[in-house]
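Here are my notes for a colleague who is opening this entry for the first time. Please keep the structure in view while reading.

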Amino acid sequence: MSQRTIVVVGASRVGCRFALAANAAGHQVTLVDEHPQALKDLSLDAPYFYGAGLPAALNNTNAIAQTFLDARPELIECSDRGIDVRLSTILWGAFRNGENSIHIGTPKAGLVSRDGNELLEHDILVVSSGVRDFVPSFLGWQLPGVFGAKAGLALLESYGVFEGERVLILGTSDVALRLMRSLRSKQIAIVGVVEPGETVEAGPQAAAWLESERIPVHFGNVIASAIGKVAVEGAQLVTIDGASSEKIACDSIAVAVATLPNVELPAAMGCRMWFSERLASWVPEISIQAETSLDGVFYLASSADDAIVEAMLARISGVARDETRFSFQSGTDASAYIGKWIEPLHRTGGPDVILCQCESVTRREFCDIEPPRYLGKSMRASQTPAIQTDDIEAPRVNQDLVKRMTRVGMGHCQGKRCRDEAAFTLVKRFGVGSADIRPASYRFPLRPLDLPLIADDDETDDIRLNWQMWPYETRNA
Amino acid sequence: MQNYDLIVVGAGILGLATAYQARKAGAKVVVLDKGATAYEASSRATGYLSLRGETPEESPLAQVAEKLWDGLDEELGYPTEWTQKGRIWAAMNERELAELKDLYQSFEKTDIAFEFVDGKALREMIPSLSERCLGGIHTPRAGHANPQRASQAFAWAFTDLGGEIREYTPVLEVLTADGRVKGVRTSRGEIHAPRVALCAAAHNTLLLRPLGILFPLAPVRLEALVTTPMPPLFEQCFIGNGLAIRQTRRGNLHMNGGPYAWVDLNIAR
């Protein structure tokens, strides 16, 4: 068995499990995770929706590093066993030979941390990047105190910095229940739960728990707006028929509608993707060995079990590639539940709610493909992002076009907060399926990078003097 | 029947501008692209109207281009972010300064206004410019635009006039009969026209080779980088240290350049 060099992206439970197994099998493993993130990176709302107004205590990186490790004993085990564990490190790009790039050689991954940038050569890339918050827009969602459930869980359990005292929960999904259990364990008050449907999405056992904990659930409601001047002071709820409304006092609003897989890395690498209605997201096509359409690039969903890890290791050790498609098991339908939220939110909130926070674009400006207000220009005629083609295999609506023209998804969060709702909005507007939308593209770097951190890496004199470099093409090479 | 006066191959800015002008002149035009409109070089371009002087024979064309850009937003009806504040090509060391001085000799032979300036003058134009810039060529009438908006503005203006764009329709072959162009064969059948405008960048090479014509163009991949928005720093087209850097209306610094990486090419996947 030849030793391979493996980079595992995302020290999630399944990522750690794989790293330990690969290490035990004799491979050289580097385990990378962007957490714990610096305050500056948390404020970019990537990957989780941390929201505005983060506590200054998040600057206390030493204390946070300790809390983080205490909460994740499997990381210490990884480190003890000789796995190169790189926390607070962003894998911002992965480069390999391909159609548009024929000179890379050994695959390389760009890793950046406080200490600078490195291009790490490797044989195998395993993406176990977990999930992030789905964040629907509503009036006032920019207020400090509004955040996503995954962010809330991270702040409560991994960072140990959470200042909310009276939390309103939006949604009764699995992640909503996880967040509520965590808040309860820390004796933080849950003032209520908002649910547009008539039953608890996470199921009857969760409903029973909510009852036993005496947590009030407002069925048949969505949020009309977050209320407050400089931070959340309350929330206005509205029944889904828009008929009646009530105000709830709170200092935190946790958006816990759904989680979505983090797929920016395989998407940007050019892995073949497909739209999963159940996961409400594009995900990479994978084989039963968890291998994507790119040889040597694997994708581990959170639900992956030991059988999959074994199949991956066999493949990594040299077993032939098995093209059998892996089909995800059935489970709760995130698309359906997301629809239950978006429909009444859009109807009751109206078209002038900000959809893209980074670029301050409203729902209407997005749908009408309006140019940004700061350009001070209008369109001669209204246009649509419908793709003009007879090819029935081609996508029908171009989200990337709307992104380029309106800038929705082009801000610092790179669409973490808006691209999914934007896609669902196009689905409703044009009456097409999610798979018919050409999704907004992804590019490296996957997170905004500080230029000084990568500027030190300069090209060699050989490249500078001898490569054809624009704009000196008039110089004879 | 699929009959047009003009078939344009390639929905990049060249193809779209060609199609727009032809349609304005009354021709029945269809633009074909293997993918989505303006999805390759045009939407990742540097975005400069440089008004270059390396090839003095081209300077009359450059001057017409400048006039067209000046009124383009109003003409097309959609914003391009056209910003006409000049171009600065800066030298970062003595060798580059000497090379630019040489180049400037040929620039002076054109009718375009150029001037050679020193580092101090550069920093008067762009206060945040590094001290390492020793001087360079200034082109006062050059300008830049948002390449994605400019390309799409042409596309929309073209279809507003009744022009037709077919995306995801790769052109596989130029059809000829008796030494004349007949049309093209696409993945979705033939389209006929007595004139075909090949605006498909390096794909033109592949389409012309069967006709015995050498089109000496090969594709390279450069790189682009965009920063988060910054406060206003400069409005000129800047070139230096191997990069083109412009500041967008939104405030991002948009950089293009780097060493060429040659790539392979095929038309239909």
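Where in chain B is N241(B) found? The first point takes this up.

1. **A residue in a loop of chain B.** N241(B) sits in the loop between β14 (237–240) and β15 (243–247) of chain B. Note that this is a predicted model. N241(B) is not a glycine, yet its phi is positive, at about 60°. Most residues other than glycine have a negative phi. N241(B) has 18 other C-beta atoms within 10 Å, so it is partly exposed.

2. R214(A) is placed in the loop between α7 (204–212) and β12 of chain A. Is R214(A) buried or exposed? R214(A) counts as exposed, because it has 7 C-beta neighbours inside 10 Å.

3. **Cis peptide bonds.** Two prolines of chain A come next. The bond from H35(A) to P36(A) is cis, with omega near -15°. P36(A) lies in the loop between β2 (28–32) and α2 (39–42) of chain A. The bond from A46(A) to P47(A) is cis too, with omega near 0°. P47(A) belongs to the loop between α2 and α3 (61–71) of chain A. Most peptide bonds are trans.

4. **The parallel sheet.** In what order do the 5 strands of the open sheet in chain A run? The order is β9-β16-β10-β11-β12 (chain A), and the pairing is parallel. β9 (146–148) and β12 (217–219) of chain A stand at the edges. Each has a single partner strand, so one side of each is left without a neighbour in the sheet. On average, neighbouring strands of this sheet are turned by 20° against each other, direction ignored.

5. β9(A) pairs with β16 (residues 252–255) of chain A in the parallel sense, over 3 bridges. F147(A) has A254(A) in β16(A) as its bridge partner. Helix α5 (residues 149–159) of chain A packs on the sheet and touches β9 and β16 of chain A. The direction of α5 makes about 90° with that of β9(A).

6. **The nonpolar core.** The largest nonpolar core has 200 residues. Which of them touch the most other members? They are I169(A), V255(A) and F154(B). Helix α6 (residues 147–160) of chain B gives the largest share of this core, 7 residues. Leaving aside neighbours within four places in sequence, the contacts of I169(A) include A176(A), L179(A), M180(A) and I190(A). V193(A), V194(A), A254(A) and A256(A) are also in contact with I169(A). A254(A) is the bridge partner of F147(A) described above.

7. **Chain A against chain B.** The contact between the chains takes 33 residues from chain A and 31 residues from chain B. What kinds of residues make up the side of chain A that touches chain B? They divide into 15 nonpolar, 10 polar and 8 charged.

8. **Domains of chain A.** The domain assignment gives domain 1 (5–130 + 260–316) and domain 2 (353–446) of chain A. Their C-alpha centres lie 28 Å apart. The contact takes 15 residues from domain 1 of chain A and 14 residues from domain 2 of chain A. On the domain 1 side, β4 (90–95) and α8 (264–269) of chain A are the elements that give two or more residues. α8(A) gives the most to that side, with 4 residues. The residues of that side divide into 11 nonpolar, 1 polar and 3 charged.

9. **Domains of chain B.** For chain B, the assignment gives domain 1 (6–47 + 147–211) and domain 2 (87–144 + 220–262). The C-alpha centres of these domains of chain B lie 32 Å apart.

10. D295(A) lies in the loop between β19 (281–284) and β20 (297–299) of chain A. D295(A) counts as exposed because it has 10 C-beta neighbours inside 10 Å, and the cut-off for exposed is 12 or fewer. How many residues apart in sequence are D295(A) and A381(A)? They are 86 residues apart in sequence, and 46 Å apart in space, C-alpha to C-alpha.

Terms used:
Residues numbered from 1 in each chain as written. Chains lettered and ligands numbered in written order. Predicted model: local features only at pLDDT ≥ 70, side-chain atom pairs only at ≥ 80, totals over all residues. Contact = placed C-beta atoms within 7 Å. Nonpolar A, V, L, I, M, F, W, Y, C, P; charged D, E, K, R; others polar. Pairing = 2+ DSSP bridges. Axes fitted to C-alpha atoms, helices over the stretch in contact; angles between N-to-C directions. Domains from an automatic or database assignment. Core = buried A, V, L, I, M, F, W, Y, C linked by C-beta atoms within 7 Å. Buried ≥ 20, exposed ≤ 12 C-beta atoms within 10 Å, placed from the backbone.
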